[in-house]
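Visitor: I am new to this structure, and I would like to be walked through it slowly.
Guide: Then let us look at it together and take one topic after another.

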Amino acid sequence: MVNTTTENYKFFQHKNCEFFPCHKTNKPEDFNCLFCYCPLYALGDKCGGNFQYTDTGFKDCTNCMFPHVRNNYDKILERYQDIIAVAARNSEKK
């Protein structure tokens with residue numbers, strides 16, 4: 001059984017990563033690496049993060065800290081139904 005009173009599972013840092021922290025931050029001690037690759041990326045312009053599109057049409061998340069904020073774990077998990085819906089639509093197109 002998981003001890004959910006500590007909630008340590010919601011935060012992880014990989015300080016030995018050659019890219020740590022991969023985004024500019026004033027609080028590296030609170031930088032969460034758990035969602036190294038943002039699961040909300042697939043939601044495109046509905047992800048809720050601070051992104052922009054490049055001139056060539058690629059989504060640039062350089063200025064987005066949303067998945068790396070220590071307290072956003074629950075907010076990201078709340079969006080998993082949206083991610084599942086995108087995946088389902090993509091599989092229907094095949």
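Predicted model: local features only at pLDDT ≥ 70, side-chain atom pairs only at ≥ 80, totals over all residues.

**Pockets, salt bridges and surface**

Visitor: By class, how many residues in the lining of the second largest pocket are charged?
Guide: Asp, Glu, Lys and Arg are the residue types that count as charged, and the lining includes E7, K10, R70 and D74. Beside 2 nonpolar and 3 polar residues, the number of charged residues in this lining is 4.

Visitor: About how much space lies in the largest pocket?
Guide: Rolling a probe the size of a water molecule over the atoms shows where empty space is left. For the second largest pocket that space comes to about 150 Å³. For the largest pocket the space is about 490 Å³.

Visitor: Which residues lie nearest the centre of the largest pocket?
Guide: The largest pocket has a lining of 28 residues, and by class these are 20 nonpolar, 6 polar and 2 charged residues. Those that lie nearest the centre of the largest pocket are C22, H23, C36, Y37 and H68.

Visitor: With which residue does D74 form a salt bridge?
Guide: Side chains of opposite charge can pair when their charged atoms come close. D74 is in helix α1, while its partner is in the segment before β1, 64 residues apart from it. The closest N and O atoms of the pair are 2.9 Å apart, and the partner of D74 is K10.

Visitor: Is K10 buried or exposed?
Guide: A residue counts as buried when its relative accessible area is under 20%. D74, at 39% relative accessibility, counts as partly exposed. K10 has a relative accessible area of 11%, and therefore K10 is buried.

Visitor: Which residues are linked with K10 in a network of salt bridges?
Guide: The pair of D74 and K10 has already been described as a salt bridge, and both residues also line the second largest pocket. E7, another residue of that lining, belongs to the network as well, so that the residues linked with K10 are E7 and D74.

Visitor: How many residues apart in sequence are the parts that R70 and D30 tie together?
Guide: R70 and D30 form a salt bridge whose closest N and O atoms are 3.1 Å apart. R70 is in the loop between β2 and α1, whereas D30 is in the segment before β1, so the parts they tie together are apart in sequence by 40 residues.

Visitor: What is the relative accessible area of R79, which forms a salt bridge with D82?
Guide: In the salt bridge of D82 with R79, the closest N and O atoms are 2.7 Å apart. D82 is partly exposed, with a relative accessible area of 34%. R79 is partly exposed too, and its relative accessible area is 21%.

Visitor: What is the area of the nonpolar surface patch made by L77, Y80 and I84?
Guide: L77 lies in helix α1, which covers residues 73-77. A residue in such a patch needs over 30% relative accessible area, and L77 is partly exposed at 38%. Together, L77, Y80 and I84 make a patch of about 260 Å².

Conventions. Residues numbered from 1 in each chain as written. Heavy atoms only, no water. Patch = residues over 30% accessible without salt bridge, like charges linked within 9 Å, V, L, I, M, F, W, Y side chains within 5 Å. Areas by Shrake-Rupley, 256 points an atom, 1.4 Å probe, with all protein chains shown as cover. Salt bridge = Lys/Arg side-chain N within 4 Å of Asp/Glu carboxyl O. Helix = DSSP H or I, 4+ residues; strand = E, 2+ residues; numbered from the N terminus. Buried < 20%, exposed > 50% of the residue type's maximum accessible area, 1.4 Å probe, protein only. 1 Å grid on protein atoms, 1.4 Å probe; cavity = no way out; pocket = protein on both sides within 12 Å on 5 of 7 lines; lining within 4 Å. Points joined across faces, edges and corners; volume = space filled by probe spheres on them.
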